[in-house]
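This report goes through the residue contacts, nonpolar cores, helix packing and backbone angles of one protein model. The sequence and structure come first.

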Amino acid sequence: MTALYEKYRPSSIDEYMGHSDIVQSIKHIIRKPSCASCFLFFGSKGTGKTTLARIFFKMLNCDGRCTGCEKCTKSSDLREIDSSRYRHIDKVEKIVEEFYYRPIFSFYKLYIFDEAHALSVYSFNALLNVIDKVPSYIKIIFITTRIDRIPDTICSRCVVYRFVPFDNMRIYKYIRSVAYREGIDIKKENIKTIVKYAKGDIREALNRLESFLVSSDLPDILKAKDIYKMIMFIYKKKLTSLRKVLYRISDKVIDYRDVLSDMLDMINRLIYRYRYISLGRIRGWVIKEINYTRTLHPSFYWFAAFLFSLYGKQKSSKR
Ligand SMILES: Nc1ncnc2c1ncn2[C@@H]1O[C@H](COP(=O)(O)OP(=O)(O)O)[C@@H](O)[C@H]1O
Ligand SMILES: [Mg+2]
């Protein structure tokens with residue numbers, strides 16, 4: 001069975017959602033006779049970099065919408081390179097030699113260096129020597145999630161595009177439409193949870209939707225009750241109890257930063273609830289809590305204690 005994210009990978013520019021500024025810019029650039037040869041796509045994972053690079057090939061050789069012509073479906077002129085396997089200079093030199101062979105079926109040959117940060121210094125240097133003077137039928141796209149690991153000398157020779165994470169509303173609508181097309185009966189709340197944990201990464205959102213499809217549950221979602229319990233145990237310095245909760249939820253947690261971000265979310269909501277209380281009073285609580293938790297780890301425990309104090313006050317105000 002194909003994974004949902006592969007099944008729904010856009011294959012034409014019309015299906016490609018968002019990043020309209022990048023799409024417009026590419027459309028504009030590739031029509032120019034003096035089009036640049038090198039491009040750099042960077043941004044966090046699941047933001048559509050690889051997908052757009054593949055569509056780029058179609059845009060170069062056809063109109064970007066076609067799904068069947070020889071110019072854009074024959075893969076021999078599109079080379080997708082797993083950079084981690086091209087750390088050795090000999091391999092990169094072989095690719096450089098290929099640059100001098102004209103495309104067979106298409107107007108342009110496209111080389112996509114995916115995860116380009118995995119290339120070695122030697123590989124980058126070998127490319128650096130040629131990318132300024134590649135034949136006009138060669139286009140190169142470097143893709144990376146780690147722009148800091150791409151040499152400046154390469155960056156400065158590329159047209160650089162930054163892929164920002166998709167906004168939550170867009171992912172929400174997209175997941176809702178995919179769920180509908182797949183016939184998945186899923187509640188609004190569950191879609192919201194999927195979106196929240198995806199953090200702008202569509203692949204992650206589709207993977208979570210897929211796990212829901214399989215089990216009708218969102219297994220790795222932490223319950224607010226557990227978050228609260230952990231905070232309370234930290235506050236009361238009941239570390240054995242804390243460890244028990246952590247052990248119980250350990251199979252649900254993929255990334256422990258989610259636990260912290262859930263705490264921060266809770267704090268945000270509580271602060272919003274307390275927006276009418278004077279800042280002076282909040283400051284008073286904070287100072288009190290800092291004094292109390294001075295011995296604990298400063299950043300984490302401070303937040304936990306602060307949250308606990310707000311939560312306690314909220315409870316007593318309800319009575
Ligand atoms: N613009 C988009 N519109 C719709 N789906 C997208 C888009 N970009 C990415 N996706 C979905 O996300 C998945 C991962 O995209 P990909 O391009 O591989 O991300 P990246 O290379 O940035 O990690 C794709 O298989 C596709 O299902
Ligand atoms: Mg990718």
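## Contacts of Ile 140

The model is predicted. Leaving aside residues up to four places away in sequence, Ile 140 touches Ser 37, Cys 38, Phe 39, Phe 99, Leu 110, Tyr 111, Phe 113, Ile 131 and Val 134.

## Nonpolar cores

Ile 140 is among the residues with the most contacts inside the largest nonpolar core, along with Phe 99, Tyr 111, Phe 113, Leu 127, Phe 142 and Ile 154. This core has 27 residues. At least two of its residues come from each of strand E1 (38-43), H5, strand E3 (109-114), H6, strand E4 (138-144) and helix H7 (152-155). H6 gives the most, with 6 residues.

## Packing of H5 and H6

Helix H5 covers residues 89-98 and helix H6 residues 121-131; their axes come within 8 Å and cross at roughly 20°. Because angles under 35 degrees count as roughly parallel, H5 is roughly parallel to H6. The crossing is right-handed.

On the H5 side the contact is made by Ile 89, Val 92 and Val 96, and on the H6 side by Tyr 122, Ser 123, Ala 126, Leu 127 and Val 130. Sorted by class, these are 7 nonpolar residues and 1 polar residue, with no charged residues.

## Packing of H2 and H3

Helix H2 (residues 20-31) packs against helix H3 (residues 49-61) at an angle of about 30°, and the axes are 11 Å apart. This angle makes H2 roughly parallel to H3. H2 and H3 also cross in a right-handed sense.

From H2, the residues Ile 22, Val 23, Ile 26, Lys 27 and Ile 30 meet Leu 52, Phe 56, Met 59 and Leu 60 of H3. The contact of H2 with H3 has 8 nonpolar residues, no polar residues and 1 charged residue.

## Positive phi angles

Most residues other than glycine have a negative phi. Glu 115 has a positive phi, near 50°. Glu 115 is placed in the loop between E3 and H6, and with a relative accessible area of 37% it is partly exposed.

Lys 199 also has a positive phi, near 50°. Its place is the loop between helix H9 (188-198) and helix H10 (202-215). Lys 199 is partly exposed, at a relative accessible area of 46%.

Notes: Residues numbered from 1 in each chain as written. Chains lettered and ligands numbered in written order. Predicted model: local features only at pLDDT ≥ 70, side-chain atom pairs only at ≥ 80, totals over all residues. Heavy atoms only, no water. Axes fitted to C-alpha atoms, helices over the stretch in contact; angles between N-to-C directions. Helix = DSSP H or I, 4+ residues; strand = E, 2+ residues; numbered from the N terminus. Parallel < 35°, antiparallel > 145°, perpendicular 65-115°, else oblique. Left-handed = near helix turned anticlockwise from the far one by under 90°. Contact = heavy atoms within 4.5 Å. Nonpolar A, V, L, I, M, F, W, Y, C, P; charged D, E, K, R; others polar. Core = buried A, V, L, I, M, F, W, Y, C linked by side-chain atoms within 4.5 Å. Buried < 20%, exposed > 50% of the residue type's maximum accessible area, 1.4 Å probe, protein only.
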